[in-house]
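Here is a short briefing on one structure. It covers the ligand site, the aromatic pairs and some backbone details.

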Amino acid sequence: MKNFDIAIIGGGILGTTISYWISNLYDSSVCVIEKESDVAKHTSGRNTGVVHTPFYLDPEKKKTFAKSAHISHDLWKKLAVNTNSPWMEVGTIEVAKDESQHKTLEKYKKWGIKNGVSDDSLLILNSNELKQKEKYLESYSGLFCKTDVSTDYSRLTQEIKNISIQNSTEFIFQKTVKSFEHKNDSIKINFTDNSSIECKYLINCSGGNSLDIAKQFDLFESYSDLHFRGEYWIADNKYANIVKTNIYSVARHPEFPFLDPHWIKRANGTTEIGPNAVPVPTPETYDGFVTDIQSTISKLGDILTGGAKKLFLNPEFLSLITHEFRSSISKDAMVERVMNFIPSLEPNYFAKKGTAGIRTPVISPDGNFIPDVIEREGHNSFHIVNYNSPGATGAPAYSALIVKKLQNKGILKNSKPQKNSLWNFNSIIERI
Ligand SMILES: Cc1cc2nc3c(=O)[nH]c(=O)nc-3n(C[C@H](O)[C@H](O)[C@H](O)COP(=O)(O)OP(=O)(O)OC[C@H]3O[C@@H](n4cnc5c(N)ncnc54)[C@H](O)[C@@H]3O)c2cc1C
């Protein structure tokens, strides 16, 4: 049986960047366990692809996400330039439809500055100024953020994987973690094919499965999670450039982790609308509404017994979910939501569905969505759950922060000096 100092579960953007840092700073043996045949096959390769400027993140409630996103922008840019990966400085307009939403934009500008964004990157424009920029856009006002970028996070994760392998991380693909045997100073990790490995310390970054895995370590007992599929429609080439900037609208329900579908300029030149947020039973139900009866029943069980039950008794949440379902069943309903700010669109401009992705927000025992990422230490292990949007943007800095925390706890010892590294660990830690 193979032995490692550190085993990371999950070859998404988070597990891969954590492996980059550990292998860059330590001589320890590190592996990343991933059930698919490569990295970024799930959320990290199925998102909107935006490198977000954190103007819309509350600096108190979403402090970790906001700081990490701000610091990571230049880190991703350096990687993209070095590796010739997509980096399209497309900009975003956050649109307000009335005076009360305009007030939210003013608040966003203040939040952005608090989160470190420069004043001149965030311009509040009136409807005429916006019309001159984007003539098909209908708005009361908008916040133009010129630093938002479109990229391909799957490609960026691949590039980080390659560097991590050069630093001697071992990627173990096509192994699904099933269970653990806890020993005093190690953990035996059992896979579904009955093979196993052993590690001294485990880091759980398994995305939509993180909470379930953490529960195997007796953590987060009264927490639950829900899975929401975000679907996209691709605009026909003829209409793809009627608006050249990303367009988002002010969230109508900031207490819930959903945004209205946006108009997205992808790094590959296509334009899409999406994502909506349709509840599904598993983190991988990319089509239909039921993957297998057992997981559907198990998810229903969670809802009926856990904190999520309180959410399903909230009429505002139920009405929102009904709305989201409608936009999954009917393309017209989805396009109508975007027509709210680009009225000249028509459903027949969108012939093909894009690649859906699934978010897994965690719900507290009192039935509320948790706004920021949560971390817990377990027996010989560290668990990261609720790593949602803009988690792809913030991964380089957030993963450095995790490594710093493991250093401070004495779990990672005797780091070596960084040589010819892509990103500088100490300067990130000083800023975060
Ligand atoms: C629709 C949508 C749009 C988004 N848009 C953006 C955006 O534009 N910008 C942005 O910054 N963020 C965005 N996000 C958020 C971002 O994509 C996520 O925060 C990020 O990708 C999470 O990365 P991760 O590594 O934690 O999870 P994942 O990418 O899901 O990786 C977890 C990995 O663990 C593996 N795994 C799970 N269980 C096991 C097991 N038992 N054994 C072995 N392997 C296992 C999975 O196969 C998976 O590869 C979006 C998310 C969604 C859903």
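**Backbone and proline bonds**

P390 is found in the loop between β24 (381–385) and α11; helices (H or I, at least four residues) and strands (E, at least two) are DSSP runs, numbered from the N terminus. The peptide bond from S389 to P390 is cis, with omega near 0°. The model is predicted: local features need pLDDT of at least 70, side-chain atom pairs count only at pLDDT 80 or more, and totals for chains, interfaces and linings use all residues. Residues are numbered from 1 along each chain as its sequence is written, and side-chain values use heavy atoms, with hydrogens and water left out.

- A cis peptide bond also joins G274 and P275, with omega about -10°. P275 lies in the loop between β18 (271–274) and β19 (278–280).
- N84 is not a glycine, yet has a positive phi of about 60°. Its place is the loop between α2 (63–83) and β4 (87–88). N84 is exposed, at 67% relative accessibility (buried means under 20% relative accessible area, exposed over 50%, partly exposed in between; 1.4 Å probe, protein chains only).
- D218, not a glycine either, has a positive phi of about 60°. D218 sits in the loop between α6 and β13. Its relative accessible area is 60%, so D218 counts as exposed.

**Ligand site**

- The ligand has 37 residues around it, and E34, S44, V50, N209 and T393 come nearest (near means that a heavy atom of the residue lies within 4 Å).
- By class, this shell has 13 nonpolar, 19 polar and five charged residues. Ala, Val, Leu, Ile, Met, Phe, Trp, Tyr, Cys and Pro count as nonpolar, Asp, Glu, Lys and Arg as charged, and the others, Gly among them, as polar.
- α1 (13–25), β2 (30–34), β21 (357–359) and α11 (391–408) each give the shell at least two residues.
- A ligand oxygen is 2.6 Å from a side-chain N or O atom of E34. Another such distance, to an N or O atom in the side chain of N47, is 3.0 Å. A polar backbone atom of I13 is 3.2 Å from an oxygen atom of the ligand.
- The protein covers 97% of the 1000 Å² of accessible area that the ligand has on its own (Shrake-Rupley method, 1.4 Å probe).

**Aromatic rings**

- The whole structure holds 19 aromatic pairs (ring centres of Phe, Tyr and Trp, the last by its six-membered ring, within 6.5 Å; planes under 30 degrees apart are stacked, over 60 edge-to-face, the rest tilted).
- F171 and F173 are stacked, 5.9 Å centre to centre with 25° between the planes. F171 is buried at 12% relative accessibility, whereas F173 is partly exposed at 24%.
- F317 and F369 form a tilted pair: 5.9 Å centre to centre, 55° between the planes. F317 is in helix α9 (residues 315–329) and F369 in the loop between β22 (362–363) and β23 (374–378), 52 residues apart. Both are buried.
- Ring pairs join Y20, W21, W76, Y153, W423 and F425 into a cluster.

**Two serines**

- S399 lies in helix α11. S399 is buried, with a relative accessible area of 0%. Its side chain makes a polar contact of 3.3 Å with that of T17 (a pair of N or O atoms within 3.5 Å; within protein, one must be able to donate a hydrogen and the other to accept it, and residues adjacent in sequence count only if both atoms are side-chain atoms).
- S222 and P365 are 143 residues apart in sequence, but 5.4 Å apart in space, C-alpha to C-alpha.
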